[in-house]
Every structure is written in structure tokens, then in C-alpha cells.
Amino acid sequence: MTSVGVALPEDADLAQELVGRAAELAQRLNGRWVAFVICNDALPSPRAENALRQAELAMRSGGTVFFCEGEDIAQTLIALASRERVDILILGTPAHRWPFRRNTVERVVRAFKQLAGR
């Protein structure tokens with residue numbers, strides 16, 4: 001069974017788009033999909049509350065959600081993707097306001113390619 005993973009950003013519009021893509025892709029591939037929400041802030045902070053909203057969106061759309069903390073976002077995503085045996089990992093990057101910097105995305109892509117041979 002194919003497994004699709006999506007890393008949810010703070011940006012609500014982008015998160016909604018990525019959730020839709022993950023759900024659609026998993027359905028087409030007759031697989032499952034998971035959403036990763038990385039947040040190092042505790043409730044009741046605005047970032048933590050936003051992370052909960054993103055997780056709720058994913059759950060309403062049929063995804064399994066993993067909340068996680070991690071200072072190194074790329075390493076955290078790779079560890080989760082590996083543990084959950086994710087075959088396809090969806091990342092998105094808007095022009096601004098997303099905590100996943102280009103370097104983070106590049107590191108995730110390189111590491112995910114290495115995992116593909118598992």
C-alpha cells in the first residue's frame with residue numbers, strides 16, 4: 001500500500017491546498033496519507049493553536065496526524081517519514097511566511113531520496 005505524507009505549514013491556505021493534494025493522491029493510489037505538524041510552542045500560544053487547526057483540517061479530510069516537536073525540521077520530517085514508511089512526501093513553500101526554508105526543503109529532498117532505496 002502506498003503511503004503519502006504531507007508536512008503542514010503554518011499558512012492556512014497553503015495547508016488546505018496541501019491536505020487536498022495529499023488526500024486526492026492517496027485516494028488515486030488506493031493508499032493512506034498522514035500529516036506531520038511540527039510545533040515547538042506550547043498551548044495557548046498562537047502558533048500552537050494554529051497547529052491544532054491544521055491538524056483538525058487534516059483529520060476532517062481523512063488523514064492521520066502526527067504532532068511533533070523538533071528543532072531541526074528536516075531531520076524531524078525524515079525521521080517521521082521513515083518511521084511511518086511514507087513513499088511520497090509532499091512539501092510546499094509559499095513565497096513568504098513559511099518556516100521551512102529552502103535549505104530545509106533541500107535537505108528533506110536529499111534525505112528522502114536516500115530513504116527511497118529502503
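Me: What should be kept in mind about the numbering and the values?

Reply: Residues are numbered from 1 along each chain as its sequence is written, and side-chain values use heavy atoms, with hydrogens and water left out. Since this is a predicted model, local features need pLDDT of at least 70 and side-chain atom pairs count only at pLDDT 80 or more, whereas totals for chains, interfaces and linings use all residues.

Me: What makes the four strands a sheet, and in which order do they stand?

Reply: Strands here are DSSP runs of E with at least two residues, and helices are runs of H or I with at least four, both numbered from the N terminus. The four strands form an open sheet in the order 3-2-1-4, with parallel pairing.

Me: Why are strand 3 and strand 4 said to stand at the edges?

Reply: In the open sheet with the order 3-2-1-4, strand 3 and strand 4 each have a single partner strand, so one side of each is left without a neighbour in the sheet. The twist from one strand to the next averages 20 degrees.

Me: Why is Val 34 called buried?

Reply: Buried means under 20% relative accessible area, exposed over 50%, and partly exposed in between, with a 1.4 Å probe and protein chains only; Val 34 has 0% relative accessibility and therefore counts as buried. Val 34 is found in strand 2, and its contacts, leaving aside residues up to four places away in sequence, are Val 4, Gly 5, Val 6, Thr 64, Phe 66 and Val 86. The C-alpha atoms of Val 34 and Phe 66 are separated by 7.4 Å, although these residues are 32 apart along the chain.

Me: What makes Phe 36 and Phe 66 a tilted pair?

Reply: Rings of Phe, Tyr and Trp (its six-membered ring) pair if their centres lie within 6.5 Å, and planes under 30 degrees apart count as stacked, over 60 as edge-to-face and the rest as tilted. The count by this rule comes to one aromatic pair: the ring centres of Phe 36 and Phe 66 are 6.0 Å apart with planes at 40 degrees, so the pair is tilted. Phe 36 lies in strand 2 and Phe 66 in strand 3 (residues 64-68), so the pair ties together parts that are 30 residues apart in sequence. Phe 36, at 1% relative accessibility, counts as buried, and so does Phe 66 at 18%.

Me: How do you know whether Asn 30 is buried or exposed?

Reply: Asn 30 has a relative accessible area of 66%, so it is exposed. Asn 30 also has a positive phi of about 55 degrees although it is not a glycine.

How values were computed
Contact means heavy atoms within 4.5 Å. Two strands pair if DSSP finds at least two bridges between them. Axes are lines fitted to C-alpha atoms, for helices over the stretch in contact, and angles run from 0 to 180 degrees between N-to-C directions.
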